Amino acid sequence: MKIIIKNYKAKTILGIYPEEKLQAREILISLTICFDGKKAAKSDNISNTIDYDLIGSLIDKLTLNKEYDLIEALVSVIGSKLIKQFSLIDQVIVNIAKPNILEQAELVSVEELFKRVYLLK
């Protein structure tokens with residue numbers, strides 16, 4: 001099963017240029033979260049799935065009043081934290097976009113796939 005969060009609006013300081021560090025800018029965060037949702041589908045109980053309200057809270061915690069030079073750094077932080085804090089997530093694709101950063105483009109984004117590593121004994 002997948003939970004898809006598309007274009008979650010967050011504000012953070014993101015960029016390498018002095019003018020980008022003056023104030024927080026809006027970025028768009030999209031997630032595709034893959035997990036085994038059979039138990040949740042059968043039970044119809046929130047405790048058997050991933051609460052996307054908690055995902056939003058985590059994104060806010062990682063972006064509000066924070067500063068990153070590169071989109072790649074923020075992608076890495078969010079992907080790693082999601083895998084670490086939500087044990088039901090098997091993998092997540094994190095895409096972060098900076099709108100209106102290039103005059104000729106609507107947005108620029110960076111995307112990465114994070115997978116949970118299972119150690120077989």
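A charge patch consists of residues with over 30% relative accessible area and no salt bridge, like charges being joined within 9 Å. In this predicted model, Lys61, Lys66, Lys81 and Lys84 gather in such a patch of positive charge on the surface. Local features need pLDDT of at least 70 and side-chain atom pairs count only at pLDDT 80 or more, whereas totals for chains, interfaces and linings use all residues. Residues are numbered from 1 along each chain as its sequence is written, and side-chain values use heavy atoms, leaving out hydrogens and water.

**Overall architecture**
- The protein chain has three helices and five strands, taken as DSSP runs (helices H or I, at least four residues; strands E, at least two) and numbered from the N terminus.
- From the N terminus on, these elements follow the order β-β-α-α-β-α-β-β.
- The C-alpha trace spans about 50 × 35 × 25 Å along its principal axes.
- Of the contacts (heavy atoms within 4.5 Å) with a separation of 6 or more, 60% involve residues 24 or more positions apart.

**Surface and charge**
- Of the 121 residues, 38% count as buried, that is, under 20% relative accessible area, with exposed meaning over 50% and partly exposed in between (1.4 Å probe, protein chains only).
- The accessible surface (Shrake-Rupley method, 1.4 Å probe) comes to about 8100 Å², and carbon and sulfur atoms contribute 52% of that area.
- Lys66, a member of the positive patch, is situated in the loop between helix 2 (52–63) and strand 3 (67–68); Lys66 is partly exposed at 39% relative accessible area.
- The mean positions of the 17 positive and 16 negative charges are 8 Å apart, with Lys and Arg taken as positive, Asp and Glu as negative, and His and the chain ends not counted; each charge is placed at NZ of Lys, CZ of Arg, CG of Asp or CD of Glu.

**Salt bridges**
- There are three salt bridges, each defined by a side-chain nitrogen of Lys or Arg within 4 Å of a carboxyl oxygen of Asp or Glu.
- Glu20 and Lys98 pair at 2.8 Å, N to O; Glu20 lies in the loop between strand 1 (2–14) and strand 2 (25–35) and Lys98 in strand 4 (residues 89–99), so the bridge ties together parts 78 residues apart in sequence.
- Glu20 is buried at 12% relative accessible area, and Lys98 is buried at 7%.
- Lys21 bridges to Glu67 with the closest N and O atoms 3.3 Å apart; Glu67 belongs to strand 3 and Lys21 to the loop between strand 1 and strand 2, so this pair ties together parts 46 residues apart in sequence.

Conventions:
Patch = residues over 30% accessible without salt bridge, like charges linked within 9 Å, V, L, I, M, F, W, Y side chains within 5 Å.
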